[in-house]
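Work through the two exercises below with the structure open. Each task is followed by a stepwise solution.

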Amino acid sequence: MGRLHAEEMILNMGPQHPSTHGVLRLKLRTDGEIVSHIEPVIGYLHRSFEKHAENLEYQQVTPFCGRCDYLAAMGSEHGYAMAVEKMMGIELPERVEYLRVIFAELQRIASHLVAVGTFGLDVGAITPFIYCFRERELILDLFEMASGARLLYNYIWIGGLAHDIPPGFVEKTYEFLDNFDTRVAEYNQILTGNKIFIERAADIGVMTPEVAINYGVTGPSLRASGVNIDIRRTQPYSIYDRFDFDVPLGEGAQGTVGDSWDRYYVRVREMEESARIIRQALDQLPVEGDVKSAIPRRIRPPKGEIYSRSENARGELGYYVVSNGKNVPLRVKMRSPAFSNLSVINEIGQGWMISDVIAILGSLDIVLGEIDR
Amino acid sequence: MIQALANWILSFDILAGLGNPIAWGLSLFVVSALIFAFVAVNAIVLVYFERKVSAFMQVRLGPMRVGKFGSLQTVADALKLLQKEDIIPRSADKILFLIGPWVILVASVVTFAAIPFSDTLLAANMNIGLFYVVSISSIVVLGIVMAGWASNNKWSLYGAMRSAAQIISYEIPVGITLIAVVAVVGSLNLQVIVQAQGGVGNLFHWIPLPLPNWFIFHNPFLFLAAFIYLIGATAEINRTPFDIPESESELVAGFMTEYSGLRWALFFLSEYANATLVAFLVSIVFLGGWQSPFADYAGAQIGFLVITLVAVMWTLYVKAKAQRLSIYPVGISLVITLAAWLFPGFAVWLASPGLFWMLMKVASIIFLLMWFRWTFPRLRVDQLMYVSWKVILPISLVNLMGVAVWMWLTGEIQF
Amino acid sequence: MSYFSNITNAVGTLIAGMKVTMGYFVRPREHVTLQYPDEVWPIPTRNIGVGELDAYNTIRSKLTVNIDDCIGCKACERACPVNCIHIDTYKAGPDDDLGITSNGTKKKLLTASFIIDMSECMFCDLCTPPCPEKCITMTPDYQFISNDNLKTDVTPEQRWRDKNLLIYQFSKVSETERQRLKVEAETAARAKAEMMAVKKAAAAKAAEEKAAAAKVAEEKAARAAAEAVAVSKTIQENTKNNTSETLAETNTETVLVSEHGTSAEETTPATDTVTDIPLESISSAVTPEAPSELTADTEVVESPVDHEASTTKESDNG
């Protein structure tokens, strides 16, 4: 009898796979169930956003921004609009700033609801996902009321908003926020505290602060590692310095700081904080003000370049815009948070099982549209 | 039942000339056809049931468009599956790939031969019935490994390997908990096991709470054993939270990944046949099988009155806490209670043993399994092994000892 | 001990989860499913104060044009990021009366073809604000893959596959009329171009003799200007960095800058683009076609239909 021949197996996860959140392909080197190396292969959703932007007028780029991070389109538009406004030195009316914050934070809740729900789905809990989507639909209703679209809005324009909010919007938002706390409690009951869920998520894929910073991880995934960086707090843009909110950090309540459970739970708590911000913004919202008054007649930023950062649902979303003084940008570069967040997967996913790699991937909350652009 | 059917066939003058062996063969054929029909119809009904249960738990409606409340949806789906192309991958091991699903199906269907549906409805009254059911149902793993290996797909292979490890691990605690019951009855015959659970007695023999003489209420250890068996059986039939062989978010579809059409439908059929089998075993071994929970006519009336009172009080309590609650459960129990008090015949029927009670118990167990499935996340493969070898197995062993000591203390067995 | 507390904790939390699902199971009133074709989602409606169209921009779906109000200014075509609007306009003859729009603007251009390709549209709503007449709107009609849509003799399957069924022609001009207009405009343009060519050739001849002495210096200046343009061109157009193409562009640029180019190069662009003759090439004097970016640029600068301007105009009217 000859020696048993054993070798590592290459397993192709994706691009058609239920848990790769789109069309990501992971090349796993596996020894039985243990994964020894992960190589993410991206580009299956490449739509050449940056090249498009070089051939479109400034305002025409906005809808394409939303199409990059399609789960947080309002945040993407907000970041782009801020970059161009900074170049042109536009002063926005108060009402526009408040509405933008309201929409960006509602979008953050909607995006985190998807993240939380799909993470549950990745570890096998189907029902919480449906509950999360039920609440997300309510937010999309609000967006539909305001902008007329449910997913890709093109609502935040350079220098203002496409339309003012319709009557009844504020009341409906308050109503949503009032119910939202009990819903979060429900998620905590069915998923967060669930022993099986904790077993699947706690201590899995621990990301130390050093690793997170080295790889440029941002957003909730970074804060789950205990690093207190939130651009809304450290470099307040828009009017975030006027609101009272906490920056949730990973505490390792069920395991180590920076594990998958922490990344999940930071998102759950961020939803609550976002709800707080929205409530304050609604309370302070100026009644008067024309949301279109600051929209420039011709968008021709002066020659120069700018890098503008904002805290989108997935992390630091940066726009690097170069203008040559014409009505078409010379270059628009997008710093996509999910791209950096995904790159860390080999570092934190090595040595875990296939099931854990899926859980870790789910906890990083990637959007392939933004990674491939 | 086969004997009875053969005698019945022979009682016809025209058929009597056929002779005994042919009558036997004919009745065997009829009985197996009946069992297969039961399994097939059962799967269709249960898929509908599962969809509706999952939908209601997930604030959805489920299938609504084919037939009234979507009741014909699963029939339509079954027809669609039959028409679909049976794709065989080029690099698959063709023979194993083709027979794999059939092995699984046969293994799960033939176990129903020993299941007593009621006091008379029983295909084969075997004196080793329990042993037969447990042993035959573990052939399923063979079919799963065949299907997974023959598909020549890495995901299928993972599914098959996980399944083999899982089913074999959970056979042991499941077998041990069943042995605890066998120790009480002293027989492996399922019919005898059911018959031993008739009537009403005190809880655990000494707590003055009149409950049916089911083994789950026989002693504290068997009470625990029932739940251990349920957990182990859930793992054995690959349902959530132990559905790692076909975990869809990890292994795409596990060992079923490469299958399509009829063969894929066979996996589904056997999956639901297995779930039903487990439900039958739980109700036979622990919940008194076809025995009615009520000893007599008055028992049925009083029993349902108590149930209704408890339901009403609970509803009032929940409403007092200003929480939302449906009144449908209370309404249904109220209607049954009124019927039992107004129509004595109904109460008599409720108190008499039979197929109705058997199916009610099976349905409840299956509902419980669905409830698990649509609530819990999935365990990881090593955690699954941990639960099996380090939690359930020790508890079941202690339980077996406990049952023996209990029997000795209460004087049911002497040395 | 932690072994047992672990087990009890597990059982407790699992039961807590089961309570939630059972809670929803017994409360069918909270179910959120909508039986789509029977029930429909309440579409949020509002009037954001544009014209009499109450439903203007409620939800953004099918693009519709009220062609009676269209003046053919092509503002929407320029605003579209994905080029899904295609408009052909022809100048009305001196004795043609095209009527007035509901705003009272006199129509000067005949919109012979107004095509919206809904299979390309991305529902961004950038085309509606620039419209000076508010005649292009996004309607809440989200079910436009419907039976009463266009041809009735196609099956739903075909409708999904056939892209052409999503291309809407809004203009009321008949197909034969459109062809006739096209040919007419074509011949007119050709005649004009020829006339201009003859004129220019004569002018060039005169200029040649006149500026024979200064010619060398002039050429030098032209080359320097062309180089400067070429540099900016290559940055903008790095997709098609074909050397021959850039060379050709530099040539046309030279012509543009020096204003005394040879006549052969000038006539070609106008005759090449017979299918889609730009408005400017007919109405104004025939000038050589500059590269697309430059035209787009100049058009925006000269555009009278900037939406800010249009809203102010409207308020003046009302």
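**Exercise 1.** Describe how domain 1 of chain B meets domain 2 of chain B.

*Solution.* Step 1: count the contacts. 20 residues of domain 1 of chain B are in contact with 20 residues of domain 2 of chain B (contact: C-beta atoms, placed from the backbone, within 7 Å). The model is predicted: local features need pLDDT of at least 70 and side-chain atom pairs pLDDT 80 or more, while totals for chains, interfaces and linings use all residues. Residues are numbered from 1 along each chain as its sequence is written, and chains are lettered from A and ligands numbered from 1 in the order in which they are written.

Step 1: find the helices (DSSP runs of H or I, at least four residues, numbered from the N terminus). On the domain 1 side, helix 3 (20-57) and helix 4 (73-83) of chain B each supply at least two residues. Helix 3 of chain B gives the largest share, 14 residues.

Step 2: sort by class. The domain 1 side has 16 nonpolar, 3 polar and 1 charged residues. Nonpolar means Ala, Val, Leu, Ile, Met, Phe, Trp, Tyr, Cys and Pro; charged means Asp, Glu, Lys and Arg; the others, Gly among them, are polar.

Step 3: Domain 1 of chain B spans 1-83, and domain 2 of chain B spans 89-292 + 353-410; the bounds come from an automatic or database domain assignment. Their centres, over C-alpha atoms, are 21 Å apart.

**Exercise 2.** Describe the side of chain A that touches chain C.

*Solution.* Step 1: the contact takes 24 residues from chain A and 27 residues from chain C.

Step 1: helix 2 (58-68), helix 5 (127-147) and helix 6 (169-192) of chain A each supply at least two residues of the chain A side. The largest share, 4 residues, comes from helix 5 of chain A.

Step 2: by class, the chain A side has 8 nonpolar, 10 polar and 6 charged residues.

Note on methods:
Two residues are in contact if their C-beta atoms, placed from the backbone, lie within 7 Å.
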